[in-house]
Amino acid sequence: MADAFENILGQPKVREFLRASVVSERVTQAYLFVGPAGSNKTLAAYALAQALLCPKGPQGPRGGMCGDCNRCDRVMRRKHPDVRYFAPEGATGYLVEQVREIVADVSLAPIQADKKIYILDRVDQLGASAANAFLKTLEEPADDVIMILLGRTRESVLPTIVSRCQVVPFRHIPASEAAGIVVQNTGAAPDQARMAIEACGGSITAAVAFLQAPGNERLSFRSRLLAALARLGQADDWDVVEMARDILKASQAPLDEVRASQEAELAENADFLAKSAIRQIEARNKRALSAKTTEYLRQTTSIVRSWLRDGMMVASGTPDLVVNADVRDTLVSLFSGADAGRLAAAAAKVDECERALAYNVSPETCIDALLFDVREVVHGSGRTD
């Protein structure tokens with residue numbers, strides 16, 4: 001029978017290790033999940049949190065995912081107040097102040113469950129100063145706290161952090177296998193699965209969500225973005241400014257629904273929660289909204305990168321390797337005989353845009369500059385009439 005760990009796609013050894021740890025009640029208080037982007041580390045962290053917080057326990061029906069309790073549902077939807085997710089807030093990684101806030105939060109009692117789960121993403125960006133503020137908490141966590149740290153490689157994480165954690169390695173999932181997993185979980189065609197994975201920076205879980213978004217919202221956004229990119233060569237400066245504004249607005253349209261859902265949930269719980277608990281939920285909601293904003297911006301830049309990558313395939317005479325197969329004819333029309341080197345230079349502009357976003361440059365400025373840069377590199381200065 002399926003349990004919380006069944007959805008850790010493409011990682012059978014991780015799935016079995018975590019399942020056995022929970023069932024045998026040999027869970028440690030600090031884990032370090034290491035593996036490449038797209039290897040489902042975040043999903044695994046939430047699955048472990050769900051298994052640990054389920055009130056029916058690991059020995060109950062579907063151990064760790066009873067299927068009919070509110071707590072399992074809230075963890076699975078990433079709405080539980082006692083499962084806290086953090087990502088670096090500084091341009092170069094975690095801020096010391098951010099880590100001190102996490103340490104202070106650890107000392108507070110759980111809001112609804114009997115445990116608190118902390119998920120810290122990209123701990124390879126935890127510098128020495130921030131790590132020093134965190135070490136005592138990691139070494140001697142409270143009995144009701146479990147830390148799950150996520151990083152790219154064991155070597156990229158500070159040794160003082162690694163030595164205090166149970167390391168769980170995640171394997172790289174080959175592209176063909178990743179596409180097959182997305183097909184299995186969505187019913188999408190293989191071409192569409194590959195496209196979604198590319199749009200989501202290689203993440204299988206994000207690709208599934210991309211294809212299953214209500215009303216095909218993410219697919220519609222992608223179509224609008226690709227259409228705008230195809231028009232860049234005929235666009236004047238004002239056209240580009242309007243394109244950037246429309247793209248950003250369409251990209252982040254679902255955030256209104258996220259905000260409304262958060263406000264409704266807070267209103268529902270406000271009557272029986274203490275003020276301190278409400279503040280914790282508000283802080284969690286703010287982090288969740290920020291993470292969703294970042295996710296949508298990354299999808300935007302990933303789609304632009306995949307379009308340029310496909311342009312390079314066409315320019316190199318291998319249009320059969322195009323990932324965005326639904327717009328292959330347009331790509332062939334635009335890039336047959338084009339200079340693949342110029343397209344590679346345009347792809348480097350996408351990297352610059354992502355670095356600017358990481359430094360908290362406004363999204364409006366970043367997307368605007370990206371479209372101008374891509375137009376300049378690929379087409380010259382654009383329409384002048």
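Student: On what basis are residues and local features treated here?
Tutor: Residues are numbered from 1 along each chain as its sequence is written, and side-chain values use heavy atoms, with hydrogens and water left out. Because the model is predicted, totals for chains, interfaces and linings use all residues, side-chain atom pairs count only at pLDDT 80 or more, and local features need pLDDT of at least 70.

Student: How far apart are the C-alpha centres of domain 1 and domain 2?
Tutor: The domain assignment, which is automatic or from a database, gives domain 1 as 12–169 and domain 2 as 230–380. The distance between their C-alpha centres is 29 Å.

Student: Is Arg 19 buried or exposed?
Tutor: Arg 19 is found in helix H1, residues 12–23; helices (H or I, at least four residues) are DSSP runs numbered from the N terminus. Its relative accessible area is 16%. Buried means under 20%, exposed over 50% and partly exposed in between, with a 1.4 Å probe and protein chains only. Arg 19 is therefore buried.

Student: With which side chain does that of Arg 19 make a polar contact?
Tutor: Not counting residues up to four places away in sequence, Arg 19 touches Asp 3, Phe 5 and Glu 6, where contact means heavy atoms within 4.5 Å. A polar contact is a pair of N or O atoms within 3.5 Å; within protein, one must be able to donate a hydrogen and the other to accept it, and residues adjacent in sequence count only if both atoms are side-chain atoms. At 2.7 Å, the partner is the side chain of Glu 6.

Student: What is the relative accessible area of Glu 16?
Tutor: Glu 16 also lies in helix H1. Glu 16 is partly exposed, because its relative accessible area is 43%.

Student: How is H7 oriented to H8?
Tutor: Helix H7 (residues 175–186) and H8 have axes 8 Å apart and pack at about 110°; axes are lines fitted to C-alpha atoms, for helices over the stretch in contact, and angles run from 0 to 180 degrees between N-to-C directions. Angles under 35 degrees count as roughly parallel, over 145 as roughly antiparallel, 65 to 115 as roughly perpendicular and the rest as oblique. H7 is therefore, relative to H8, roughly perpendicular.

Student: Which residues of H8 make the contact with H7?
Tutor: On the side of H7, the contact is made by Ala 178, Ala 179, Val 182 and Val 183. Their counterparts in H8 are Pro 190, Ala 193, Arg 194 and Ile 197.

Student: What is the relative accessible area of Met 195?
Tutor: Met 195 has its place in helix H8, residues 190–199, where the buried residues include Ala 193 and Ile 197. Beyond four places in sequence, Met 195 touches residues including Phe 210, Leu 219 and Val 323. Met 195 is buried, because its relative accessible area is 5%.

Student: How far from a polar atom of the Ser 203 side chain is the backbone nitrogen of Ala 206?
Tutor: Ser 203 is found in the loop between H8 and helix H9 (204–212). Leaving aside neighbours within four places in sequence, Ser 203 is in contact with Gly 38 and Ile 197. The backbone nitrogen of Ala 206 lies from the Ser 203 polar atom at 3.1 Å.

Student: How are H10 and H11 oriented to each other?
Tutor: The axes of helix H10 (residues 217–230) and helix H11 (residues 237–251) come within 10 Å and cross at roughly 170°. Among the residues that meet are Phe 221 and Leu 225 in H10, and Met 243 and Ile 247 in H11. The two helices are therefore roughly antiparallel.
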